[in-house]
Amino acid sequence: MANMVLPPLPPQFKSIQHHLRTAQELDKREPVVAYYCRLYAMQTGMKIDSKTPECRKFLSKLMDQLEAMKKQFGDNEAITQDIVGSAHVENYALKMFLYADNEDRAGQFHKNMIKSFYTASLLIDVLTVFGELSEENAQHRKYARWKAAYIHNCLKNGETPQPGPIGMEGESFDAEREEAGSSSVPSGTTQPTASTHEANNTPTSNFTGIHIPPGAHAPANTPAEVPHNTGVTSNTIQPTPQNIPLVDPSLYSAQSTGEVRLTPEDFARAQKYCKYAGSALQYEDVSTAVQNLQKALKLLITGRE
């Protein structure tokens, strides 16, 4: 369904070409994430130009792809329910981020790690289809994009990158060259000869003042291990064994006093914890699932987190 031929990519849509490429790369192993990559491209393209003939033609075909995918995966809650879809995309993006971050901090610098950082930043872009990014995810995106640029340029210049957060000025990242040899934009889509992310598209913030342990800038419930089926291969770091958290003993004796008044926000948070747990189980990540289910249970019983 998603392999329907798209018209040539209009120059106006240069900024979404990598989201479309990511969608194609994920079509088989992560169709839900691929769907939302295309939805992001569609929404962004509509904002850029929906009037000129070539843009309207491209968006129309892209919309056909989305409709076909929605029909194909119509029984998947991650497609039909935003809260499930958001949890699924965020979980995948942060696993990509942690894979790259762990490689970086271990001093293992290679193209797959660079691409993982950059892909994570693209997938965090995609999260905006569900609403405004949290401050935490906005920082993840800036850091991932900056790291991809910094490490890429170091390797290009024959220099050894410094692992972890460091103070750096803006870097530019030639994503086209870095992705050479990988899948292209969907069949029938033309590619500009270069796509350089200039310094104004990458953070110029100084990261020297960030003192965080490995993986700490990702949510605490995100496992610091390589995700299954990311398409990233590495022989240097293997997934760490999962440490299953103990059940909080207080949950055994916790009882609702009848005075607990749960707000709509409380119900929404509890539901989100349950959705995160379900998403984690898709990656066989028991630890994260247990943590989130305990949070939901505690909130529903006590009204507190």
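These legends describe close-up views of salt bridges, a helix and aromatic pairs in a predicted model. Residues are numbered from 1 along each chain as its sequence is written, and side-chain values use heavy atoms, without hydrogens or water. Because the model is predicted, local features need pLDDT of at least 70 and side-chain atom pairs count only at pLDDT 80 or more, while totals for chains, interfaces and linings use all residues.

**View 1. A salt bridge joins Arg38 and Asp27.** A salt bridge here is a side-chain nitrogen of Lys or Arg within 4 Å of a carboxyl oxygen of Asp or Glu. By this rule the count comes to six salt bridges. In the pair shown, the side chains of Arg38 and Asp27 meet at 2.8 Å, N to O. The pair links distant parts of the chain, eleven residues apart. Arg38 sits in helix α2 (residues 31-48), and Asp27 in the loop between α1 (17-26) and α2. Helices (H or I, at least four residues) are DSSP runs, numbered from the N terminus. Both Arg38 and Asp27 are buried. Buried means under 20% relative accessible area, exposed over 50%, and partly exposed in between (1.4 Å probe, protein chains only).

**View 2. Asp101 and Arg105 pair within helix α5.** Their closest N and O atoms are 3.0 Å apart in this salt bridge. Both residues lie in α5 (residues 82-105). Because they are four residues apart there, about one helical turn separates them. Arg105 has 23%, so Arg105 counts as partly exposed.

**View 3. Arg141 and Asp125 form a salt bridge between two helices.** The side chains meet at 2.8 Å, N to O. Arg141 belongs to helix α7 (residues 135-156) and Asp125 to helix α6 (residues 111-126). The pair links distant parts of the chain, 16 residues apart. Arg141 is partly exposed, with a relative accessible area of 23%. Asp125 counts as buried at 6% relative accessibility. Salt bridges that share partners join Asp125, Arg141 and Arg145 into one network.

**View 4. Helix α1 is largely enclosed by the rest of the structure.** The reason is burial: nine of its ten residues are buried. Among the buried residues of α1 are Gln17, His18, His19, Leu20 and Arg21. Thr22, Ala23, Glu25 and Leu26 in α1 are buried too.

**View 5. Phe13 and Phe58 make a tilted aromatic pair.** Rings of Phe, Tyr and Trp (its six-membered ring) pair if their centres lie within 6.5 Å; planes under 30 degrees apart count as stacked, over 60 as edge-to-face and the rest as tilted. The count by this rule is eight aromatic pairs. The ring centres of Phe13 and Phe58 are 5.8 Å apart and the planes stand at 55°, so the pair is tilted. Phe13 lies in the segment before α1, and Phe58 in helix α3 (residues 53-72). These distant parts of the chain are 45 residues apart. Phe13 and Phe58 are buried.

**View 6. Phe97 and Tyr143 tie α5 to α7.** This aromatic pair is tilted, at 6.1 Å centre to centre and 50° between the planes. Phe97 lies in helix α5 and Tyr143 in helix α7, so the pair ties together parts that are 46 residues apart in sequence. Phe97 counts as buried at 0% relative accessibility. Tyr143 counts as buried at 4%. Ring pairs link Phe97, Phe117, Tyr143, Trp146 and Tyr150 into a cluster.
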